[in-house]
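Please keep the picture in view while I talk.

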Amino acid sequence: MKNANIVILESSEEFLEELKTYFDDKQEFNVCAVTSNGNAGIEYIEKYKPDIVILNLVLSGRDGFSVLDYLRTQCPECKAIVISNFFDEKIVNSAIAHGAKFYFAKPVEPQCIADRIADILDERSAGYMISADVRDRRRAATLDEKISNIFISIGIPPHIKGYVYLREGIKMAVENPSIINKVTKELYPEIGKKFDTSASKVERAIRHAIEVAWNRGRVEAINAIFGARVYIGSERPTNSEFIALVADKLLLEELL
């Protein structure tokens, strides 16, 4: 993979610094410029002709959609990755329609963004050999995306703590299916250790996340995802049942 020239347009000063620090530490990436202003962003794009633009939809001056339109019409060889606080299907579809190559809803790890950049550049480099380490990281990123898409569909919002705990629990169950039989003794404590919290708080937060989805009344969407009438009305699964159900679905998709 050749070195990727990147321009970052991000309205959050904290996240902008996090992204810049991450990419500056990687030899394969070159951050040409960063800004929170859409007008300045377009000037940087004209000046540096980057391979990738990472942008938030909310910017001062011209917004993210205007920048996407500029890229599509004036700089089509430059690919856009959108990062947004918005977790709405209409906004996601609109961003893609305006030319975004990938769309991430916060919170998102810089590594996931880096992996998608590698995917974009790989499309231009036939014969590029992927290392086992990179392949494993991409598999993890793809798994994150699949879980996030399920959460979007059934109505689990990303801002609640149970979102990240539940996602981590599902990933653990995919990697080690037997852990579903040791939820209390192993799964909750491991998640708690990773996020510096207690196992009991992990259990409560996951239960709350599942309750939020069911209280939003998206049972039909849930049944549609799993391809069967798994739940009816207000019937709600336990934490372990839900984790096992999603993990099983993801494992089956890998086998197909």
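The accessible surface of this chain comes to about 13000 Å², and carbon and sulfur atoms hold 49% of that surface; areas of this kind come from the Shrake-Rupley method with a 1.4 Å probe, and for residues only the protein chains shown count as cover. What you see is a predicted model, in which local features need pLDDT of at least 70 and side-chain atom pairs count only at pLDDT 80 or more, while totals for chains, interfaces and linings use all residues. Residues are numbered from 1 along each chain as its sequence is written, and side-chain values use heavy atoms, with hydrogens and water left out.

Of the 256 residues in the chain, 45% count as buried, where buried means under 20% relative accessible area, exposed means over 50%, and partly exposed is in between, with a 1.4 Å probe and protein chains only. The chain has eleven helices and five strands, which are DSSP runs numbered from the N terminus (H or I and at least four residues for helices, E and at least two for strands). If we take the contacts with a separation of 6 or more, 63% of them are between residues 24 or more positions apart, a contact being heavy atoms within 4.5 Å.

Let us turn to a pair of helices. Two packed helices are described by the angle between their axes and the distance between the axes. Helix 7, residues 161–175, and helix 9, residues 199–215, have axes that come within 8 Å and cross at roughly 100°; the axes are lines fitted to C-alpha atoms over the stretch in contact, and angles run from 0 to 180 degrees between N-to-C directions. Among the residues that make the contact are Tyr163 and Leu166 of helix 7, and Val202 and Ile206 of helix 9.

Which residues have the most contacts inside the largest nonpolar core? They are Phe151, Ile156, Leu166, Ile170, Ile206, Phe242 and Leu250, in a core of 34 residues; such a core is a set of buried Ala, Val, Leu, Ile, Met, Phe, Trp, Tyr and Cys residues joined through side-chain atoms within 4.5 Å. Helix 6 (132–154), helix 7, helix 8 (183–194), helix 9 and helix 11 (239–255) each supply at least two residues of this core. Another core, of 22 residues, lies apart from it, and includes Ala4, Phe29, Val108 and Ala114.

Finally, some details of the backbone. Most residues other than glycine have a negative phi, and most peptide bonds are trans. Lys106 and Pro107, however, are joined by a cis peptide bond with omega about 5°, and Pro107 lies in the loop between strand 5 (100–105) and helix 5 (110–123). Lys49, in the loop between helix 2 and strand 3 (52–56), has a positive phi near 45°, and at 49% relative accessibility Lys49 counts as partly exposed. Asp196, in the loop between helix 8 and helix 9, has a positive phi of about 55° although it is not a glycine, and Asp196 counts as exposed because its relative accessibility is 73%.
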